[in-house]
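Student: I have just opened this model and would like to discuss how it packs. Shall we begin with a pair of aromatic residues?

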Amino acid sequence: MELDELKSIWKMGAPSFQPKDEDEIAAMLKGKSTSIVDKLKRSAWFELIFTVVVSIGLLIYALTLPLGALKWISISILVMFLAYTFYYVKKLMVLNHFDPGNENIRAHLTSLIDNLSGYLKFYKRSYTVLYPVFFCLFLLFIAFEQGWDNFVENIAKPIVIINLSALAAFYFFMSTWVVNWYVKKLYGNHLEKLKKLLNDIHG
């Protein structure tokens with residue numbers, strides 16, 4: 001008797017499994033993708049606003065500097081920031097183009113993932129190239145400021161060569177590491193979630 005009662009209680013308390021139909025699954029995937037895309041948009045807006053604010057501050061700072069290496073390197077960085085604002089705007093346009101309400105969500109997700117992956121590769125490569133370029137530009141501006149003969153005489157000293165080499169290596173390593181961490185934090189993790197959603201759809 002007690003065993004029958006336990007079985008009855010177990011059956012009453014056990015949740016019944018109800019399989020979801022395709023429309024419900026599609027709606028869930030669309031909701032998840034929309035949430036992830038919204039987070040990506042916030043990251044892009046953060047970068048854009050941050051770049052604009054820093055550019056304004058850098059412009060004000062550059063205007064207060066006398067002519068010299070520091071002024072020219074500040075202007076060079078400002079020009080780079082202005083160029084990257086177009087990159088962020090283009091990225092936002094790609095994200096806004098994503099339509100979760102479209103029936104062919106697989107095609108939209110595939111296109112979005114491909115575009116974002118391409119942008120992030122360009123982002124990393126551009127910084128990998130720009131950091132050494134700006135380091136060399138800084139040395140070039142110092143050479144203009146000091147005069148070529150004085151600059152060559154100073155830079156030819158063994159201790160200066162060692163210090164510059166160590167600084168260049170540290171600068172390149174840290175800048176590359178920071179960019180990789182930064183890109184993964186703002187975009188990489190969300191991009192991986194989109195790829196997982198796409199795999200779920202294929203499955």
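Student: Why are Y84 and Y87 separated by about one helical turn?
Tutor: Because Y84 and Y87 are 3 residues apart in helix α3, which covers residues 69–97. Helices here are DSSP runs of H or I with at least four residues, strands are E runs of at least two, and both are numbered from the N terminus.

Student: What should I keep in mind about the model itself?
Tutor: This is a predicted model, in which local features need pLDDT of at least 70 and side-chain atom pairs count only at pLDDT 80 or more, while totals for chains, interfaces and linings use all residues. Residues are numbered from 1 along each chain as its sequence is written, and side-chain values use heavy atoms, with hydrogens and water left out.

Student: How many aromatic pairs does the structure hold?
Tutor: The structure holds 9 aromatic pairs. One of them joins Y84 and Y87 edge-to-face, at 5.8 Å centre to centre with 80° between the planes. Rings of Phe, Tyr and Trp (its six-membered ring) pair if their centres lie within 6.5 Å; planes under 30 degrees apart are stacked, over 60 edge-to-face, and the rest tilted.

Student: Are Y84 and Y87 buried or exposed?
Tutor: Both Y84 and Y87 are buried (under 20% relative accessible area; exposed is over 50% and partly exposed in between, with a 1.4 Å probe and protein chains only). Y87 also forms an edge-to-face pair with Y88, at 5.5 Å centre to centre and 65° between the planes. Y88 is buried, as is Y87.

Student: Which residues form one aromatic cluster?
Tutor: The cluster is made up of Y84, Y87, Y88, Y119, F122 and Y123.

Student: Changing topic, which residues touch the most other members of the largest nonpolar core?
Tutor: L112 and L194 do, in a core of 40 residues. The elements giving two or more residues to this core are α2 (22–64), α3, α4 and α6 (158–202), and α4 gives the most, with 15. A nonpolar core is a set of buried Ala, Val, Leu, Ile, Met, Phe, Trp, Tyr and Cys residues joined through side-chain atoms within 4.5 Å.

Student: What does L112 touch?
Tutor: Not counting residues up to four places away in sequence, L112 touches V37, V94, L95, F98 and L194; contact means heavy atoms within 4.5 Å.

Student: And S55, where does that one lie?
Tutor: S55 lies in helix α2. S55 counts as buried because its relative accessible area is 6%. Beyond residues up to four places away in sequence, S55 touches L78 and F81.

Student: What about S117?
Tutor: S117 belongs to helix α4, residues 105–146. With a relative accessible area of 18%, S117 is buried. Leaving aside neighbours within four places in sequence, S117 is in contact with L191 and K195.

Student: At what angle do the axes of α4 and α5 cross?
Tutor: They cross at roughly 125° and come within 6 Å, where α5 is the helix of residues 148–155. That angle makes α4 oblique to α5. On the α4 side, L139, I142, A143 and Q146 meet W148, N150, F151 and N154 of α5.

Student: Last one: is F172 buried or partly exposed?
Tutor: F172, in helix α6, counts as partly exposed because its relative accessibility is 35%. F172 and Y131 are 41 residues apart in sequence and 6.7 Å apart in space, C-alpha to C-alpha. Residues up to four places away in sequence aside, F172 touches T128 and P132.

Key
Axes fitted to C-alpha atoms, helices over the stretch in contact; angles between N-to-C directions. Parallel < 35°, antiparallel > 145°, perpendicular 65-115°, else oblique.
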